[in-house]
Amino acid sequence: MTNVSGEIFLQKLYEVVYKLSGIAKTQSYRFKKEWDENLTSLNQTPHLVRQIPVLKDKFLNEIDYRINILDTVRLSFEDGFNSIRSLLNTLYNHYFKDSTEFKRDFNDHDQLILKYLVAKEILGNLIQYNQLDHETVPLKFNILARNYTMIKLKGQKDIDILENMKKVKIEIELAELKNILDDIVNDGFLNKTRRGRYFYYDLNLELALSADAMLVYNQTIRPLVEWPTLFWRSYYNIRELNVTVDKDIKESDYLNDILLKAATQGYVASHYVFKNLVNYYQKIKEAS
């Protein structure tokens with residue numbers, strides 16, 4: 001990797017912030033629009049990603065302004081995470097329970113499928129989010145979301161499902177897991193067979209809505225359900241900052257250690273980089 005000068009790095013940092021500013025603006029607008037069209041009747045407030053108005057000349061030349069903008073980006077990363085949590089909370093604790101539209105538009109069987117399907121589409125795609133938030137979605141929907149693909153491909157035994165849940169930092173006793181899997185079996189989605197000391201689970205019913213329900217889903221909450229994955233993959237991607245700065249830059253070793261994390265996509269790495277860039281420039285400011 002070629003080293004970059006301080007001037008080039010600062011320009012690159014501005015470009016990343018400007019990119020994030022644009023994504024925050026468009027994605028927050030889209031999220032709010034879909035929420036207003038589909039969830040307003042529930043009287044729940046979406047958590048929106050704050051805006052990041054950034055002036056190029058001030059960012060490049062004024063360290064106090066730069067620190068403020070970088071910290072705003074850090075907070076916007078937290079907003080994004082909380083936006084997804086506010087959506088899941090509203091869907092599982094209000095829409096699926098209290099919405100007259102949900103009960104009117106979907107029959108009982110499609111209602112049940114949709115609860116599992118939404119978990120698969122959001123938690124199944126966003127493994128890192130799933131590692132950080134275990135409380136918002138009821139565990140049985142999370143368990144099938146996490147294991148659906150492997151169960152569909154070749155079936156899974158109970159201890160394999162247990163280990164897979166540990167990978168998203170969900171610690172659960174095997175006996176409790178078996179009880180929840182029995183619940184999923186009773187819902188009709190899994191078959192259960194015993195082979196020796198283990199129980200094996202294979203797919204009995206795919207997470208597919210009826211044709212009528214799919215049409216309604218496409219016209220209502222589908223854009224909201226797809227929003228977290230699209231947002232996550234675009235916003236928590238700051239790989240342009242995975243560079244090495246020249247040794248003559250102040251505190252270059254410290255800065256390079258921070259920038260190494262930019263190679264990894266996701267909330268945790270992005271938040272880490274910007275939190276520590278704030279610390280870096282505060283350190284430079286104090287030294288001067």
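What should the 15 residues of helix α5 (residues 108–122) span at 1.5 Å a residue, and how far apart are its end C-alpha atoms?

Author: This is a predicted model, in which local features need pLDDT of at least 70 and side-chain atom pairs count only at pLDDT 80 or more, while totals for chains, interfaces and linings use all residues. Residues are numbered from 1 along each chain as its sequence is written, and side-chain values use heavy atoms, with hydrogens and water left out.

The 15 residues of helix α5 should span 21 Å at 1.5 Å a residue, and the end C-alpha atoms of α5 are 22 Å apart, which agrees; the expected span is 1.5 Å times one less than the number of residues. Helices here are DSSP runs of H or I with at least four residues, strands are runs of E with at least two, and both are numbered from the N terminus.

The buried residues of α5 are Asp110, Gln111, Leu112, Ile113, Leu114, Tyr116, Leu117, Val118, Ala119 and Ile122, where buried means under 20% relative accessible area, exposed over 50% and partly exposed in between, with a 1.4 Å probe and protein chains only. These buried residues pack against α3 (63–98), α4 (100–105), α7 (139–154), α9 (174–186), α10 (211–219) and α11 (222–235), a contact being heavy atoms within 4.5 Å.

Two of these neighbours, α10 and α11, also meet each other: their axes come within 6 Å and cross at roughly 65°, the axes being lines fitted to C-alpha atoms, for helices over the stretch in contact, with angles from 0 to 180 degrees between N-to-C directions. Met214, Tyr217 and Asn218 in α10 meet Arg222, Pro223 and Val225 in α11. The residues of this contact divide into 4 nonpolar, 1 polar and 1 charged, with Ala, Val, Leu, Ile, Met, Phe, Trp, Tyr, Cys and Pro counted as nonpolar, Asp, Glu, Lys and Arg as charged, and the others, Gly among them, as polar.

Helix α11 is also among the elements against which the buried residues of α13 pack, together with α1, α3, α6 and α12 (252–260). The 21 residues of α13 (residues 267–287) should span 30 Å at 1.5 Å a residue, and its end C-alpha atoms are 30 Å apart, which agrees. Among the buried residues of α13 are Tyr267, Ala269, Phe274, Tyr281 and Ile284.

Within α6 (residues 127–132) sits Asn130, which counts as buried at 1% relative accessibility. Leaving aside residues up to four places away in sequence, Asn130 touches Leu123, Asn142, Val168 and Ile170. Lys169 lies in the loop between α8 (158–166) and α9, and Lys169 is exposed, with a relative accessible area of 54%. Its phi is positive, about 65°, although Lys169 is not a glycine. Most residues other than glycine have a negative phi.

Leu42, in the loop between α1 (6–38) and α2 (56–61), is buried, with a relative accessible area of 12%. Not counting residues up to four places away in sequence, Leu42 touches Thr90, His94, Tyr95, Asp98 and Ser99.

Turning to the strands, β3 (residues 190–195) and β4 run antiparallel and are joined by 6 bridges, and two strands pair if DSSP finds at least two bridges between them. Arg194 has Phe199 in β4 as its bridge partner, and Arg195 stands opposite Tyr198 in β4. The hairpin of β3 and β4 has 2 residues between the strands, and Gly196 there takes a positive phi near 70°. Strand β4 (residues 198–203) also pairs with β2 (residues 156–157) in the antiparallel sense, over 2 bridges, and there Tyr201 is the bridge partner of Gln156.
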